[in-house]
Amino acid sequence: MAEKKEKIGIQKHIRITDNEINRQIERVMELPEYQSYNQVINDALFYGLPVLCDKLFGNAEPLEEFTPPLQSQSSFGGLDEKSFDVIVRLLKETVLNLTINKSILSSLFHGKCLEYKGCKVNAENFEQGLVSDTPDYLSEYELSGLKKMRR
């Protein structure tokens, strides 16, 4: 007698016509743990199909008992809110240090340019950071880089 083979990985094609469901799928796809539409649909079926079957074939229970366990709002990817606070604080500190370095290097650049031009560098302006503007040749490069990062 031939044994019945278990069907694994059957390919089915579906058409989703509800815009709200499509928006929800796209939203879930933005999460790093979801790499494919198949993964989203399989999880949706895993959590939702038992509810549908119970409703259609009896033993219907309240929907709340079948809602999937959501990640708590205070954690994501194994990190809790405290960890995010530390990361944000360290990023802010890094940005502050980079800004200070940029200002000092720009001041040195402008001071050296003035010296090359035979001009005397005003020490007070130098100390007060009044010559710390980003050099013109780097301003456009910096702006285009920032625009690219925001896309």
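These questions and answers walk through a predicted model of one chain.

Me: Which element of the chain has the highest confidence, and which the lowest?
Reply: The chain has a mean pLDDT of 78. Of its residues, 81% reach 70 or more. Confidence is lowest in strand β1 (residues 75–76), at a mean of 57. It is highest, at 89, in helix α3 (residues 81–116).

Me: Is S107 buried or exposed?
Reply: S107 sits in helix α3. Leaving out residues up to four places away in sequence, S107 touches F126, V131 and S132. Buried means under 20% relative accessible area. S107 has 6%, so S107 is buried.

Me: Is L56 buried or exposed?
Reply: L56 is found in helix α2 (residues 37–57). A nonpolar surface patch is formed by L45, L49, L52, L56 and F57, with about 530 Å² of accessible area together. Exposed means over 50% relative accessible area. L56 has 56%, so L56 is exposed.

Me: Is the pair of F109 and Y137 stacked, edge-to-face or tilted?
Reply: The structure holds 1 aromatic pair. The ring centres of F109 and Y137 are 5.8 Å apart. Planes under 30 degrees apart count as stacked, and over 60 as edge-to-face. Here the planes stand at 50°, so the pair is tilted.

Me: How many residues apart in sequence are the parts that this pair ties together?
Reply: F109 lies in helix α3. Y137 lies in helix α5 (residues 136–150). The pair therefore ties together parts whose separation in sequence, in residues, is 28.

Terms used: Residues numbered from 1 in each chain as written. Predicted model: local features only at pLDDT ≥ 70, side-chain atom pairs only at ≥ 80, totals over all residues. Heavy atoms only, no water. pLDDT = per-residue confidence, 0-100. Helix = DSSP H or I, 4+ residues; strand = E, 2+ residues; numbered from the N terminus. Buried < 20%, exposed > 50% of the residue type's maximum accessible area, 1.4 Å probe, protein only. Contact = heavy atoms within 4.5 Å. Patch = residues over 30% accessible without salt bridge, like charges linked within 9 Å, V, L, I, M, F, W, Y side chains within 5 Å. Areas by Shrake-Rupley, 256 points an atom, 1.4 Å probe, with all protein chains shown as cover. Salt bridge = Lys/Arg side-chain N within 4 Å of Asp/Glu carboxyl O. Phe/Tyr/Trp six-rings, centres within 6.5 Å; stacked < 30°, edge-to-face > 60°.
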